[in-house]
Amino acid sequence: MGIIVTLGDAYCFTKINKPGESDKGCVLNGKLYPFGHISRTDDCYRCSCTQNQISCCSLFHTPVGYNKEKCKIVFNKRSCNYDVVENNDPSKDCFVHSRVG
């Protein structure tokens, strides 16, 4: 069971651990994370893991205010954020007016 909660401008969620799943930590997207604070998961979330649940919030914000005809968004796992680049020349960045989490 999962619960989605919006806090500020970040996307957050909580996943309740299944019985017997939490002996060594929390499983998120097939990976085991240790109990306690997790500053960054492989999927760019900041989480807190307990025996009962894992609660996470995104480290990224989705761009919404940009020229959608001229530009596209590409997820950058290294920076945990979306890059907005020109369709015809991805080496050129596009101006972003606003982002949401």
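A: Asp-43 has a relative accessible area of 27%, so it counts as partly exposed (buried means under 20%, exposed over 50%, and partly exposed in between, with a 1.4 Å probe and protein chains only). This is a predicted model, in which local features need pLDDT of at least 70 and side-chain atom pairs count only at pLDDT 80 or more, while totals for chains, interfaces and linings use all residues. Residues are numbered from 1 along each chain as its sequence is written, and side-chain values use heavy atoms, with hydrogens and water left out.

The side chain of Asp-43 forms a salt bridge with that of Lys-77, at 3.8 Å from N to O (a salt bridge is a side-chain nitrogen of Lys or Arg within 4 Å of a carboxyl oxygen of Asp or Glu). Asp-43 lies in the loop between β5 and β6, and Lys-77 in the loop between β9 (71–76) and β10 (81–86), so the pair ties together parts 34 residues apart in sequence. Strands are DSSP runs (E) of at least two residues, helices are runs (H or I) of at least four, and numbering starts at the N terminus. Lys-77 is partly exposed, at 48% relative accessibility.

Asp-42 meets Lys-31 in a salt bridge of 3.3 Å, N to O. Here Lys-31 lies in strand β4 (residues 31–33) and Asp-42 in the loop between β5 (36–38) and β6, so the pair ties together parts 11 residues apart in sequence. Asp-42 is partly exposed at 43%, and Lys-31 is partly exposed at 35%. By this rule the count comes to 3 salt bridges.

Thr-41 also has its place in the loop between β5 and β6. Its relative accessible area is 2%, so Thr-41 is buried. Leaving aside neighbours within four places in sequence, Thr-41 is in contact (heavy atoms within 4.5 Å) with Leu-28, Tyr-33 and Cys-47.

β5 and β6 pair in the antiparallel sense over 3 bridges (two strands pair if DSSP finds at least two bridges between them). His-37 has Ser-48 of β6 as its bridge partner. Their hairpin has 6 residues between the strands, and Cys-44 takes a positive phi near 70 degrees there.

β6 has a covered face made of Tyr-45, Cys-47 and Cys-49, and an uncovered one made of Arg-46 and Ser-48. In a regular strand the side chains alternate between the two faces of the sheet. On to β7: a hairpin of 3 residues joins β6 to β7, and the two strands pair in the antiparallel sense over 5 bridges. Cys-49 stands opposite Ile-54 in β7.

The largest nonpolar core has 14 residues, and those with the most contacts inside it include Leu-28, Ile-38, Tyr-45 and Cys-47. Such a core is a set of buried Ala, Val, Leu, Ile, Met, Phe, Trp, Tyr and Cys residues joined through side-chain atoms within 4.5 Å. β3 (26–28), β6 (45–49) and β7 (53–58) each supply at least two residues of this core, and the largest share, 3 residues, comes from β6. Beyond its neighbours within four places in sequence, Ile-38 is in contact with Tyr-33, Tyr-45, Arg-46, Cys-47, Cys-49 and Ile-54.

As for confidence, the chain averages a pLDDT of 86 (the predictor's confidence in each residue, from 0 to 100). Confidence is highest in β5, at a mean of 97, and lowest in β1 (residues 2–7), at 37.
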